[in-house]
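Q: I have a model open on my screen. Can you show me how to read its features one at a time?

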Amino acid sequence: MEQYKKEFIEFMVDCGVLKFGDFVTKSGRKTPFFVNTGFYRTGKQLRKLGEYYAKAIETKFGFDFDILFGPAYKGIPLGVATSMAISEFYDKEVKYCSNRKEVKDHGDTGILLGSPIADHDKIVIIEDVTTAGTSINETLPILKAQGDVDVLGLVVSVDRMERGQGTKSALTEIEEKYGFMTTAIVTMEEVVEHLYNKPYNGNIIIDDTLKAAIDAYYKEYGVIK
């Protein structure tokens, strides 16, 4: 596993973003782990987060695109932080764009924040996680309504590696349904590999009991191979 992936896993733990316990996802699944990027709360954390996303984008897509689109609300700081990191560490300029939840009818009108979107713009979408592909179904119509755009793909922080609407993973379903690439900074398999029965800051984060709960979750919702 690449060093930046190990560092990102520990970074999520340090920031309280990666949590273990009893949770319910947006798609209604009861899960023993949860990723909440809303817990990145300081400028230093967001700056570092942007670097990790930029690395994942460089690895999968490169920087030959025009706009980094972060869906409201959590995608807004992700897009801002990552576009700044791309500029600072790679000397590349990509424009940031997001959407409003409601169309604004005065002043800076419309549904978009940041850069406008024009025909033939190449776009990469940035999100926190994708469990069952529900959020991307809301985002794409917004982008397509702006013009004849080329969506290159989707980048998320963690690939939960579970089924979407069918038997394949949510990210695979998105790729096949919409015809663009997807990537993640890390996968849950990599998270478990790095943390299982290994001390971090004096604690075992994923012990045998938690590992059994994660295994049971994947037995129910994991990808059928």
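**Contacts around one residue**

A: Start with a contact list. Contact means heavy atoms within 4.5 Å. Leaving out residues up to four places away in sequence, Val35 touches Met12, Val17, Leu18, Val129, Ser157 and Val158. This is a predicted model: local features need pLDDT of at least 70, side-chain atom pairs count only at pLDDT 80 or more, and totals for chains, interfaces and linings use all residues. Residues are numbered from 1 along each chain as its sequence is written, and side-chain values use heavy atoms, with hydrogens and water left out.

Q: Where is Val35 found? Is Val35 buried or exposed?

A: Helices (H or I, at least four residues) and strands (E, at least two) are DSSP runs, numbered from the N terminus. Val35 is in strand S2, residues 30-35. Val35 has 3%, so Val35 is buried. Val35 and Gly16 are 19 residues apart in sequence, and their C-alpha atoms are 8.9 Å apart in space.

Q: What does Thr37 touch?

A: Thr37 is in the loop between S2 and helix H2 (43-60). Thr37 counts as buried because its relative accessibility is 7%. Beyond four places away in sequence, Thr37 touches Val17, Lys74, Asp128 and Ser157.

Q: Which residues touch the most other members of the largest nonpolar core?

A: In soluble globular proteins, nonpolar side chains tend to be buried together. A nonpolar core is a set of buried Ala, Val, Leu, Ile, Met, Phe, Trp, Tyr and Cys residues joined through side-chain atoms within 4.5 Å. The largest core here has 41 residues, and Phe8 and Met12 touch the most other members. A second, separate core has 19 residues, including Ile123, Ile125, Leu154 and Ile174. Back to Phe8: residues up to four places away aside, Phe8 touches Tyr40, Leu49, Tyr52, Ser157, Val158, Ile185 and Val186.

Q: How many disulfides does the structure hold?

A: A disulfide is a covalent bond between the sulfur atoms of two cysteines. The test is a pair of cysteine sulfur atoms within 2.5 Å. The structure holds zero disulfides. Check cysteine burial too. Cys15 is buried, with a relative accessible area of 11%. Cys97 is buried as well, at 0%.

Q: Where is Met161, and what is its phi?

A: Met161 has a positive phi, near 60°, and is not a glycine. Met161 sits in the loop between strand S8 (150-159) and helix H5 (170-178). Its relative accessibility is 26%, so Met161 counts as partly exposed. Asn197 also has a positive phi, about 55°, without being a glycine. Look for Asn197 in the loop between helix H6 (188-195) and strand S10 (199-200). Asn197 counts as partly exposed because its relative accessibility is 40%.

Q: Where does UniProt place the feature "binding site"?

A: Treat record annotations with care: they may be inferred rather than shown by experiment. UniProt positions are in the numbering used here, and feature names are shortened. The unreviewed UniProt entry places "binding site" at Thr131 and Arg160. Arg160 is in the loop between S8 and H5. At 2% relative accessibility, Arg160 counts as buried.

Terms used
Buried means under 20% relative accessible area, exposed over 50%, partly exposed in between (1.4 Å probe, protein chains only).
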